[in-house]
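Here is a short report for someone meeting this structure for the first time. Look at the sequence and the structure below, then read on.

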Amino acid sequence: MNSQEGWLSKVVVFGVLAVVVLAPTQYSIEIAKKTYVSPVDLALGAVFVLWGLDIIRSRSWSRILWPSVFAVLFLAANIASLSKSGLHLKSLKEIVQNSEYFIAGFMLLGSAVQDPGIRRKAVYAFLGVASAVILLGAVQYLSPSIRAFEVCSTFVNRNVLGGIRVVLGLYSDL
């Protein structure tokens, strides 16, 4: 993804950075009973469509990083399980989200980080947002009004925040 190619490419780069910034927030909108969509879901879908249009416009097929067979099989298992679920709208939403995260997000971000300038901006954005999330978690942890097991920072529950801490710990050698 070359940020010098035109206005659509620049919009896509801005969108990629917006996705990185929005990803650690779990604020969501209830679209149906107990079925939620977050701003990053909407942003990722829109940026993926714009990225696809940019690929078609520039005919730069080599920029596409295809998802692994495991991501495709995971999505196929999600789709197969839809027929067994009694919650069709919620299941459909989960399939769309998993498609976005494991297919569209992988392809979009994989393409973006091929450009060293965009990779640098994305890493800085991620580190800034991750630092803010961890700092908010630390403030919550130190707050006497919040029990240690209720510390969740910008997430819905502590398990997701714990996953972020594990990921940051795995990549602390970088």
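The report starts with the whole chain and then turns to single helices and residues.

## The chain as a whole

This is a predicted model. The chain has six helices and two strands. Along the sequence, they follow the pattern α-β-β-α-α-α-α-α. Buried residues make up 34% of the 174 residues.

The chain exposes about 11,000 Å². Carbon and sulfur atoms supply 69% of that area.

## The nonpolar core

In soluble globular proteins, nonpolar side chains tend to be buried together. The largest nonpolar core here has 19 residues. Which of them touch the most other members? They are V12, V16, V19, V47, W51 and L108. The elements that give two or more residues to this core are α1 (7-22), α2 (39-58), α3 (69-82) and α4 (88-112). Helix α2 gives the most, with six residues.

## Helix α1

Helix α1 has 16 residues. From its first C-alpha to its last, α1 reaches 22 Å. That is close to the 22 Å expected at 1.5 Å a residue.

Which residues of α1 are buried? They are L8, S9, V12, V13, G15, V16, V19 and V20. Seen down the axis of α1, the buried residues fall within an arc of 160 degrees, so they line one face of the helix. On the other side of α1, W7 and F14 are exposed. What covers the buried residues of α1 includes α2, α4 and α5.

## Helix α3

Helix α3 has 14 residues, which should span 20 Å at 1.5 Å a residue. The end C-alpha atoms of α3 are 20 Å apart, in agreement with that value.

In α3, A71, L75 and N78 are buried. Why do they count as being on the same side of α3? They cover an arc of only 50 degrees around the axis, and this puts them on the same side. An α-helix has 3.6 residues a turn, so residues three or four places apart point the same way. On the other side of α3, V69, F70 and L73 are exposed. The cover over the buried residues of α3 includes α4.

## Salt bridges

How many salt bridges does a search of the whole structure find? It finds three. D54, R57 and R63 are linked in a network of salt bridges. The side chains of D54 and R57 meet at 2.6 Å, N to O. Both residues lie in helix α2, three residues apart, about one turn of the helix. D54 also forms a salt bridge with R63, with the closest N and O atoms 3.1 Å apart.

Are these residues buried or exposed? D54 counts as buried because its relative accessibility is 0%, under the 20% cut-off. R63 also counts as buried, at 7% relative accessibility. R57 is partly exposed, with a relative accessible area of 48%.

K93 forms a salt bridge with E94. The closest N and O atoms of that pair are 2.9 Å apart. K93 counts as buried, at 12% relative accessibility. E94 counts as partly exposed, at 32%.

Where is R59 placed? R59 is in the loop between α2 and α3. R59 has a positive phi of about 55 degrees, although it is not a glycine. R59 is exposed, with a relative accessible area of 64%.

Y124 lies in helix α5, which runs over residues 116-142. Y124 counts as exposed because its relative accessible area is 57%, over the 50% cut-off. Y124 and V20 are 104 residues apart along the chain. Their C-alpha atoms are separated by 9.9 Å. V20 is one of the buried residues of α1.

Key
Residues numbered from 1 in each chain as written. Predicted model: local features only at pLDDT ≥ 70, side-chain atom pairs only at ≥ 80, totals over all residues. Heavy atoms only, no water. Helix = DSSP H or I, 4+ residues; strand = E, 2+ residues; numbered from the N terminus. Buried < 20%, exposed > 50% of the residue type's maximum accessible area, 1.4 Å probe, protein only. Areas by Shrake-Rupley, 256 points an atom, 1.4 Å probe, with all protein chains shown as cover. Core = buried A, V, L, I, M, F, W, Y, C linked by side-chain atoms within 4.5 Å. Salt bridge = Lys/Arg side-chain N within 4 Å of Asp/Glu carboxyl O. Expected span 1.5 Å × (residues − 1). Arc of directions from axis to C-beta. Contact = heavy atoms within 4.5 Å.
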